[in-house]
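Me: I would like to go through this model term by term, setting each value against its definition. Please begin with the loop residues.

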Amino acid sequence: MMRTDVEYSPVGEGLGMTEFWLYVWMRRVAVIAAHVTSLGFTILMCILSRPGTSLFSWHPVCMSISFCLCMTEGILLFSTEGSPFCFKSRKGKVRLHWFLQALVVLGGATGLGFMVASKRVSERPHLATWHSLVGMGTLVATTLQAACGLCLLFPKLLNVSSHARLRLYHATCGLLAYLLATVTVVLAMFTDWFQATVKGLLWYAFLLLPLFPALVVMNQITNAYLPKKKITT
């Protein structure tokens with residue numbers, strides 16, 4: 001009996017041909033739906049915020065564009081299913097990823113500035129809610145992720161020894177940062193401003209919207225970096 005070692009990822013293991021293509025089709029639909037959901041949620045948040053009516057109105061605009069749209073698209077562009085950037089090379093995707101993540105950091109800092117200015121004008125305390133505390137943690141995690149990405153972008157310049165391991169750490173910590181951002185967005189819906197703006201069943205619909213892209217992103221990262229096993233036949 002011949003012995004062969006084959007590396008494989010357990011994703012889709014045990015599926016027949018029909019089930020496999022159904023699985024692939026469902027993943028593709030899920031990725032496309034995640035793109036639409038993140039864009040739609042961002043547009044709705046911008047409309048509800050009525051930017052320009054106050055200093056605070058720019059805070060949800062900047063944060064939703066940064067974390068709900070740019071951060072989501074910056075991760076989903078590496079997806080092989082349903083990504084509008086599937087035609088780009090790996091190098092092109094990395095550059096676009098960095099551009100989008102730079103917008104995340106810039107937009108997050110801008111949104112934080114508007115929030116601080118609004119608090120000072122209204123003389124309300126800073127970091128007084130779970131939303132603000134987790135949000136600060138998200139900003140710190142995102143900034144650290146950007147620094148880690150610099151090491152991947154310039155490995156020789158920064159004397160990085162294990163590029164593959166650093167990519168794994170970057171992807172894992174990036175997933176944690178994205179989940180922190182999702183929790184921050186969900187907590188925002190429990191603030192006085194949002195509950196006064198959105199009420200009834202619509203509030204529950206908004207509560208579910210950011211969770212779907214998070215599930216798709218989590219599935220994409222775990223599948224891409226899932227430890228591979230070996231089987232012997």
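Me: What makes Glu123 count as exposed?

Reply: Glu123 has a relative accessibility of 72%, and the term exposed applies over 50% relative accessible area, with buried under 20% and partly exposed in between, using a 1.4 Å probe and protein chains only; Glu123 is therefore exposed. The residue sits in the loop between helix H3 (90-122) and helix H4 (130-153), where helices are DSSP runs of H or I with at least four residues, strands are runs of E with at least two, and both are numbered from the N terminus. Glu123 also has a positive phi of about 55° although it is not a glycine. Most residues other than glycine have a negative phi.

Me: On what model do these values rest, and how are residues numbered?

Reply: This is a predicted model, in which local features need pLDDT of at least 70 and side-chain atom pairs count only at pLDDT 80 or more, while totals for chains, interfaces and linings use all residues. Residues are numbered from 1 along each chain as its sequence is written, and side-chain values use heavy atoms, with hydrogens and water left out.

Me: Is Arg50 buried or exposed?

Reply: Arg50 has a relative accessible area of 56%, and is therefore exposed. Arg50 lies in the loop between helix H1 (17-49) and H2, and its phi, near 50°, is positive in a residue other than glycine.

Me: Why are H2 and H8 called roughly parallel?

Reply: The axes of helix H2 (residues 58-76) and helix H8 (residues 211-224) cross at roughly 30° and come within 10 Å. Axes are lines fitted to C-alpha atoms, for helices over the stretch in contact, and angles run from 0 to 180 degrees between N-to-C directions. Angles under 35 degrees count as roughly parallel, over 145 as roughly antiparallel, 65 to 115 as roughly perpendicular and the rest as oblique, so H2 and H8 are roughly parallel to each other.

Me: Which residues of H2 and H8 meet, and of what classes are they?

Reply: Taking contact as heavy atoms within 4.5 Å, Thr72, Ile75 and Leu76 in H2 meet Pro213, Val216, Val217, Gln220 and Ile221 in H8. By class, this contact has six nonpolar, two polar and no charged residues, where Ala, Val, Leu, Ile, Met, Phe, Trp, Tyr, Cys and Pro count as nonpolar, Asp, Glu, Lys and Arg as charged, and the others, Gly among them, as polar.

Me: How many helices and strands does the protein chain have?

Reply: The protein chain has eight helices and two strands, which run β-α-α-α-α-α-α-α-α-β from the N terminus on.
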